[in-house]
Amino acid sequence: MDKAKMLQISHRRNLLALAAVFAVLYVLMLTRSISVQYQGVIILIGINVLLATSLNLTTGALGELVLGHAGFMSIGAYTAALFTLHMDLPGLVEFPLALLLGGALAAVFGVIIGIPALRLRGDYLAIVTLGFGEIIRVIIQNMSITGGGRGLYGIEEYTTFPWVFWTSAFGITIMYALIFTRHGRAILSLRENEIAAEAAGIPATRYKVLAFAVSSFFAGVAGGLYAHYITVLDPGTFGFNMSIEILVMVVLGGMGSFTGATLAAVVLTLLPELLRSMSDYRMLLYSIALVLMMILRPQGLLGKKEFSLTRAWEQLRKKAETKGGNA
Amino acid sequence: MGQALLKVEHLGISFKGLRALDDVNFEIPTSGIIGLIGPNGAGKTTLFNLLTGVYTPTDGAVILDGEVISGKGMGYTVLHGISRTFQNIRLFRDMTVLDNVKVAMHHKMHYNLLESLIKTRRYWAEEEQADREALELLEVFGLREKADMPASGLSYGQQRKLEIARALAASPKLLLLDEPAAGMNNTETRDLMETIAFIRQKFGIAILLIEHDMPLVMGVCERIVVLDYGRVIANGTPDEVRADPRVIGAYLGG
């Protein structure tokens, strides 16, 4: 019944599982069993997972529809890229610094966007975030330091599989752990019923801004990873379409479920690649898959639930036991 | 009855020229049960919103334990000892029953963000303490077995109880109940009357309730304040109020 100990065991198990997934993928990559093309896809999956889970914090857990997540990502991407371009530090030092800086600046903008969120609700806030995403894109397009519309070139290719994997895992762990604390409950209660939450003593302002700050921080970090993977930044990439793509991952995974967002990000990044052989019909099939998904499972892959390795393990064991009993 | 816990003095509020409440005066003694009645639109819910800091009064003040609390916002009022329930139930429907109660204990826990991420000893101590307290409260309302269910899975009567449990979790000195018997049948209402009396006895707090169910109000309240058109037209024991010609005219007769 000792909760702390039980959780410690489950943490250790999760970490082991993560390490195992990492090791398998890494070995397959080193031995070239996974083609170079798919190695790139895996890196993109890692970035998208971080984007989707960070959006899940504001849109899923806090319940505020954000239509400009790509805007936060682009701030992180450009900040990180400009940092490594202008600094002459060894890669192992300047890359993490660049990621942190990109995240921090994105978080500052997240707070700036979070402040109107205190007065605006629902649709109105969604439109503000949409406008924000577009404004950021236009500003980047018209600044000389960002390379303007021509884009930013010559960014070091620092983003490797281990970097992406562990950075994303770290980010998700932090956001996931946050949810099961008094701070996380405060954020969830604001989604469920803001008036009741305030009447229960939840400082709404503080927690909305916190959710926006953490969410945009990790979007910025994901942007930094993206910049150092793709090595060329074009402001057009971070448009409304990309914000929507991330949002689709959150909705498909199940609003508010971090494991769901992770799963959906993997599926939705992989799907267009797997369908590549269909050439022209690729995006059509992708869209049909989405529509079918929403008809058959409108609450998303995992609904509001979280996948738990411990729980899955227990269920498997129970099943095995009953089978053993029958035999 | 002890000395006054809450004093409402010359309280008034106008909305764009509409005088919703005017010169309202009454007191709530420590651990007293007071009823607030009046016809629809008399200003009962407006008064609740003034007491809980949702609105700022145009005139007068609300004084809790000698301190003016009106106009300081919802957060301030909760932290200083006034909790409420809502006329239309407002639960955190997709959160568990236990977490609904724990949300209201937010201000009793003190671990910060960093501690919540690395799960320090203080985190565990405070969370376990909150679990214990929350389960005890749920036990009082017969909801302990439902602790891990989502709140939306409870029956109507249980949802009302959970709302009261959540309000109590903030350790108030005064509990405001906004039509707690709305939508309940006779058995549930009688059950609720017992619960209200029990809460006062167990937690030693004062209760102010808005209610349309006359048998409930007359049965459980020690004093009754009657509002009509934003003014207090009567304030007395159930028997006094029942016999008051103005009350009969405005409420029972009308």
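Modeller: One term to start: a contact means heavy atoms within 4.5 Å. This is a predicted model, so local features need pLDDT of at least 70 and side-chain atom pairs pLDDT 80 or more, while totals for chains, interfaces and linings use all residues. Residues are numbered from 1 along each chain as its sequence is written, chains are lettered from A and ligands numbered from 1 in the order in which they are written, and side-chain values use heavy atoms, without hydrogens and water.

Biologist: OK. What does Thr146(A) touch?
Modeller: Leaving out residues up to four places away in sequence, Thr146(A) touches Tyr78(A), Leu82(A), Ile140(A), Gly151(A) and Leu152(A).

Biologist: Is Thr146(A) buried or exposed?
Modeller: Thr146(A) is buried, because its relative accessible area is 3%. Buried means under 20%, exposed over 50%, partly exposed in between (1.4 Å probe, protein chains only).

Biologist: And where does Thr146(A) lie?
Modeller: In the loop between helix H5 (122-142) and H6 of chain A. Helices (H or I, at least four residues) are DSSP runs, numbered from the N terminus.

Biologist: Which backbone oxygen does the Thr146(A) side chain reach at 3.1 Å?
Modeller: That of Met143(A). The backbone oxygen of Ile140(A) lies 2.6 Å from a polar atom of the Thr146(A) side chain.

Biologist: New topic. How many residues does each chain give to the contact between chain A and chain B?
Modeller: Chain A gives 30 residues and chain B gives 30 residues. The two chains bury about 2600 Å² between them, 65% of it on carbon and sulfur atoms. Buried area is the accessible area (1.4 Å probe) that two parts lose on being put together, summed over both.

Biologist: Which residues of chain A lose the most area to chain B?
Modeller: Arg182(A), Arg185(A) and Glu192(A), together 26% of what that side buries.

Biologist: How many salt bridges are there between the chains?
Modeller: One. The side chains of Glu127(B) and Arg185(A) form a salt bridge at 2.9 Å, N to O. The rule asks for a side-chain nitrogen of Lys or Arg within 4 Å of a carboxyl oxygen of Asp or Glu.

Biologist: Which residues are buried in H1(A)?
Modeller: Ser10(A), Phe22(A) and Met29(A).

Technical notes
Helix = DSSP H or I, 4+ residues; strand = E, 2+ residues; numbered from the N terminus. Polar contact = N/O pair within 3.5 Å; in protein donor to acceptor, adjacent residues only side chain to side chain.
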